[in-house]
Amino acid sequence: MTNVQEEVGNAAAGWWQALLNGFTRTDAPTIPPAVLLAIVAAAVALSIPRRTWRWFGLYVTFVHELGHAFAALMTGRFVHSLKIGLDHSGQLVSSGRRGFSATWSGFWGYPAPAVVGVALVCSVSAGWAGAAAAIGALVLLVALLFLRNFTGIVVALLSAAVAQSLVMFASAETVSWAMLALGIALGVGSVRDFFKVAAVHTGRRNQLASSDAYILAQSTGAPSFIWLTGFAVVIAASAALSGWLLWGLLGL
């Protein structure tokens, strides 16, 4: 028993040290155009084809719901549960004061993947890709406390396992490439999800009840297009900033 406890303790200590090591700044990588093109292609391959989107889209939905959760916590709301469906649906249950806090939480779903995506690209550009991976690993573990369905738990566990593996075993260069690819893929996924919710308001209105923009319109009285425009502005600004940062990383 003592040996087992020692091994567990050593593993935990090693994991914690790996997390701390991630908070060491490195030089921003200079990316050859061919390598950047390959990274962008890999990111697009995750977010565009139906076969890969079926699975990567679950992770984008996870980030979407975490956006709601983080925004809720920012305004003092209490998060009760988080669920993710295989059909890319999601549900966050929180409680607190009505008004601004509920609206703030309701808004930061669709923009969240784009914001996280540009944050990851920025972390690579600033030399903090390791810190981004370490923070992501911790966030994914904490998120397990709020998940209340099997699909959500599996998505979180797989995501956490990948994040922990990067932190524990990958080189700084590999972490940078991974963070860059994930950041771009989340940005592309955010755009894809935005067009999906926009289509609900223009052609599939029988699905309006699942739209954050519709729910916000019902709770605030402001028309849905106001909220859709807000989503679009944040997503477009994130995409523009990501593009500018990627241009700065090119080894030209």
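**Close-up views of a predicted helical model**

View 1. At a relative accessibility of 41%, Val139 counts as partly exposed (buried means under 20% relative accessible area, exposed over 50%, and partly exposed in between, with a 1.4 Å probe and protein chains only). This is a predicted model, in which local features need pLDDT of at least 70 and side-chain atom pairs count only at pLDDT 80 or more, while totals for chains, interfaces and linings use all residues. Residues are numbered from 1 along each chain as its sequence is written, and side-chain values use heavy atoms, with hydrogens and water left out. Val139 belongs to helix α6 (residues 129-143); helices are DSSP runs of H or I with at least four residues, numbered from the N terminus. Together with Phe23, Trp128 and Ile135, Val139 makes a nonpolar surface patch of about 340 Å². Such patches consist of residues with over 30% relative accessible area and no salt bridge, nonpolar side chains being joined within 5 Å; a salt bridge is a side-chain nitrogen of Lys or Arg within 4 Å of a carboxyl oxygen of Asp or Glu. The areas come from the Shrake-Rupley method with a 1.4 Å probe.

**View 2. Ser123 in helix α5.** Ser123 is found in α5 and, at 9% relative accessibility, counts as buried. Leaving aside neighbours within four places in sequence, Ser123 is in contact (heavy atoms within 4.5 Å) with Trp128, Ala129 and Ala132.

**View 3. The largest nonpolar core.** A nonpolar core is a set of buried Ala, Val, Leu, Ile, Met, Phe, Trp, Tyr and Cys residues joined through side-chain atoms within 4.5 Å. The largest has 49 residues, of which Phe56, Phe62, Met179, Leu180, Ile184, Leu186 and Leu246 touch the most other members. Helix α3 (residues 50-74) gives the largest share of this core, nine residues. Beyond its neighbours within four places in sequence, Met179 is in contact with Leu120, Val124, Ala129, Ala132, Ala133 and Leu166.

View 4. Pro223 lies in the loop between α9 (212-220) and α10 (224-249) and is partly exposed, with a relative accessible area of 41%. The C-alpha atoms of Pro223 and Ala213 are separated by 8.3 Å. The 26 residues of α10 should span 38 Å at 1.5 Å a residue, and its end C-alpha atoms are 38 Å apart, which agrees; the expected span is 1.5 Å times one less than the number of residues. Buried residues of α10, including Trp227, Phe231 and Leu249, are part of a set that packs against α2 (33-47), α4 (100-107), α5 (111-126), α8 (172-202) and α9.

How values were computed:
Helix = DSSP H or I, 4+ residues; strand = E, 2+ residues; numbered from the N terminus. Patch = residues over 30% accessible without salt bridge, like charges linked within 9 Å, V, L, I, M, F, W, Y side chains within 5 Å.
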